[in-house]
Amino acid sequence: MKYLKTTPAKCKGVRACEKACARTINKSDDPAKSAIRVTAKDGVFEINVCNQCGACIDICPVKALSRNKQGVVMLDRKLCVGCLMCVGYCPTLSMRTHPDLREPFKCIACGACARACPEQALEIAEK
Amino acid sequence: MDVNKVFEYTRYLDGIEKMKAAHVVLAEYAYTPSLPEKGYTNRTLHVDLSTMKISEKKVDEAMKKTFTGGRGFGLKYLWDAIKPTTKWNDPENDIIISPGPICGITQYPGAGKSLVVTLSPITNIPIDSNVGAYLGPLLKFSGFDALEIQGKATEDVIVVLEGVKGRVTIERAPLESVNSHVAAEQFTHEYAADEADRRNVSVASAGQAAEHSLIGCLNFCYYDVRRKVTRLKQAGRGGIGTVFRDKHLKALVVHGPQVKGDMNRPADLGRVQRAGVKLHREMHDFDDKMCTMRKVGTTNIVSVMNAYDLLPVMNFQYGSHPDAKHIDKTTWIRKFTQGIPDGCWYGCSMACAHGVDEFALRTGPYQGHKVIVDGPEYETAAGCGSNCGIFDPHWVIECNFYCDTYGIDTISFGTITGFVMECWQRGILDKERTGGLELTWGNGEAQLEMMHQMARGEGFGAQYAGQGVHRMKTMFADNGWGDRQLLDDIALEGKGLEQSEYMSKESLAQQGGYYLTNKGPQHDEAWLIFMDMVNNQIPTFEDKAEALYYFPMFRTWFGLNGLCKLPWNDIEPGDNRTANTPQEAAKVPEHVQNYVDLFSGVTGREITKEEIIAMSERVYQFQRVFDLRMGKGTRQYDKAPYRAVGPVTREEYESRQERYDKQLTDWMKVDPAGKSTEEKMALHRAYREDRYQKLVDAVYKRRGWTENGIPTLETLRRNGIDFPEVVAAVKPHLK
């Protein structure tokens, strides 16, 4: 199963990942539209992003969430009704929503953030 | 379980093409489809089945300001449609389905409700009933804030609203079933283009028994994309299904557009989203620790009611029973399929609409069929179960199924069956009088057969039971069956409507919560038993009156906006009980703020918590005047049967002798020693009936009514509903 592996210890809070992600998945420069989020807590950076656990798949009332061939959990926006139950039920709070966007969004393990990270804190991996 | 499991159900689709081909279009109307703007489409669809005329009405700003939507719109349209002399089966009686401005948002739990309003056959005053499933939202997204159906067809017809094409038709449809579990499936398949489109179709239907009784319910369906089956939710109370069938409506089909998260075109989508995600998260964090709605729905309270002596047992004689464990959540968690998203509208993370899958029926025309049964919910488990002395879950489920498909209100049916079974216990009924039905406590088969009789329009079921307890007690007395006083005492009804399924004997506030209501004793307005009886948070008459002002007004608001009550207080923020006083905690202030955010976020009209009450009160007072206009709405119609107030019989008294004797000492300062049970019962009756009247006085005062229960002119003015015809309805009673 493909997923984005994070190494928070390497993170220096550059947040290039957020910009790359927002641009890639939502065509925006607004970091609030990024599926990956970096936060600083007591001088230590934390990285929050979907780990592809799939808990959201069974929560969805319209079967809009499913795994693709690589095991990545994907949202079919055509089916999605924007109810955001997947956002509320995500065990790691990694399903995102934004007032400009009707449907939620999440990490699709595309690797854009990993390529943008100058500290190699992110990588696409298998588990 | 595997959420993608394939269930085996009996299907009713053989010959479906032939059924569709047999339709004949009798009338057609073209319109331009539109989505709501800030929650409103600003127009209503009107269908007259007598003239076969279909038309539109404009919804103006004044209508929205005064009546908000939902129940408010329904009552206003009904007021305009009927006269004070109108009877329920007159052609001018109107069925109004209105979803309300918030209805159809997908982000917040419980936001797919519609309100159905009509002149009730069982009470002869307006009834409003709150129903889930997809029809209301799809109606709105097809372009209409409400649908009115007036007139009466001369033969069975269906009304079809094609919300994408912009076409409304009245069609002859002779081959489909009238019974709801079949009709819902057949019409859904006929009008959906394919499997993916089935969720965009919703069907309203009643059933055979609605034709032959006064307690017919209206089913709304939705297509469950995981189970691949149509499911039913009910506008249960007050005989709406009876009116539907009396108009010769077989079904109403709404085929709307595919739903997205912004179809209400809200003023501030982000505000709606934030409130929704917050509640989804609360559900995720606390439901397992609080009400377990996601696992067992409202049946979670069967064991709670039983523990507090509040579960109706044997026509509300008793409040608990050792066998209640067979119909409590420990049973339902096994019977309900677990792990499937079970909301009756998108985004309901409370997900209480549980189903018993592949249920094999033992009786009636569908004997041997395997079906999905929606529920039972608490009311059905208590009403059709413990209240009839029935503790075998099979019969509760089968009764639930046939009530739904035949179009019968499970609450009225449960209270009716409890009443006739007590009449049997007391010798008022016997085999000869019931035509062979042995209506003994616990006889689930007899209960089912009584319902099959209703469906066939024959026997005791149709002639007596289907007429409701109000008419039955008079018919029995007229036949010389039983003592009139006893019949009045044990018939759990007010204004003609059967009481819902909680014991109110030990909670004065709940006696008011049931019987000081606009449409009769239901739990839609106020549920105060815990605040009052268990926690003693509203000890004085004034405290109780304040609760009987605030909660009915607040809860009315759900029905104005297309919302479900359950996500308000069947889940609470984690700090609700610590951050607030007990009295404030009962209001769940943080959730009230959510509703402020939802209304303001959708409509763009900024409101406050106080305005929620003001919006509701306008409609509530209007409904009270409407009752008055139809010949009720005065003090004499707010009385409670004594079974709801205190112990009617010796057995009841003695079952709680210790408690009642102590009350004699504590409340009445009377020493029970040496007194016979009859003497003690008489003391209780005098005390409790007097106490109820004092409560009535306090509540009327708080609501701005006269001693006879009439809203004063000042009350009408304060609420901005002093329209000439409203004032005219009130004035003769103010002299």
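Rings of Phe, Tyr and Trp, the last by its six-membered ring, count as a pair if their centres lie within 6.5 Å. Planes under 30 degrees apart are called stacked, planes over 60 edge-to-face, and the rest tilted. Keep that in mind for one group in chain B. B:Y108, B:Y550, B:F551, B:F554, B:W557, B:F558, B:W568, B:Y595 and B:F599 form one aromatic cluster.

Now some ground rules. This is a predicted model, where local features need pLDDT of at least 70, side-chain atom pairs count only at pLDDT 80 or more, and totals for chains, interfaces and linings use all residues. Residues are numbered from 1 along each chain as its sequence is written, chains are lettered from A and ligands numbered from 1 in the order in which they are written, and side-chain values use heavy atoms, with hydrogens and water left out.

Let's take chain A. What does its secondary structure hold? Four helices and six strands. Helices here are DSSP runs of H or I with at least four residues, strands are runs of E with at least two, and both are numbered from the N terminus. Along the sequence of chain A, the order reads β-α-β-β-α-β-β-α-α-β.

How does chain A compare with a compact globule? For 127 residues, such a globule would have a radius of gyration near 14 Å, and chain A has 14 Å, so the two agree. That radius is taken over C-alpha atoms, and the globule rule is 2.2 Å times the number of residues to the power 0.38. The C-alpha trace of chain A spans about 40 × 30 × 25 Å along its principal axes.

Next, burial. Buried means under 20% relative accessible area, exposed means over 50%, and partly exposed is in between, using a 1.4 Å probe and protein chains only. In chain A, 50% of the 127 residues count as buried. The accessible surface of chain A comes to about 6,100 Å². Carbon and sulfur atoms hold 53% of that surface. These areas come from the Shrake-Rupley method with a 1.4 Å probe.

Contacts and charges for chain A. A contact means heavy atoms within 4.5 Å. Of the chain A contacts with a separation of 6 or more, 58% join residues 24 or more positions apart. Chain A carries 21 positive and 12 negative side chains, with the centres of the two sets 4 Å apart. Lys and Arg count as positive, Asp and Glu as negative, while His and the chain ends are not counted. Each charge is placed at NZ of Lys, CZ of Arg, CG of Asp or CD of Glu.

On to chain B. Its secondary structure comes to 31 helices and 17 strands. The C-alpha trace spans about 80 × 55 × 55 Å. Of the 735 residues of chain B, 67% count as buried. Chain B exposes about 23,300 Å², with 50% of it from carbon and sulfur atoms. Residues 24 or more positions apart supply 72% of the chain B contacts with a separation of 6 or more. Chain B has 89 positive and 98 negative side chains, and the centres of the two sets lie 3 Å apart.

Let's zoom in. Why is helix α19 of chain B, residues 508-515, described as largely enclosed by the rest of the structure? Because eight of its eight residues are buried. What do those buried residues pack against? The partners in chain B are β16 (493-494), α20 (529-534), α21 (541-561) and α29 (677-703).

Two single residues next. B:S142 sits in the loop between α4 (135-141) and β7 (146-150) of chain B. B:S142 counts as buried, at 0% relative accessibility. Beyond its neighbours within four places in sequence, B:S142 contacts several residues, including B:Y31, B:L161 and B:H255. B:T405 lies in helix α13 (residues 393-406) of chain B. B:T405 is also buried, at 1% relative accessibility. Leaving out residues up to four places away in sequence, B:T405 touches, among others, B:N179, B:H181 and B:Y366.

Back to the rings. How many aromatic pairs does the structure hold over all chains? There are 42. In one of them, B:Y464 and B:F476 have ring centres 5.7 Å apart and planes at 50 degrees, so the pair is tilted. B:Y464 is in the loop between α16 (459-463) and α17 (468-478) of chain B, and B:F476 is in helix α17, 12 residues apart. Both B:Y464 and B:F476 are buried.
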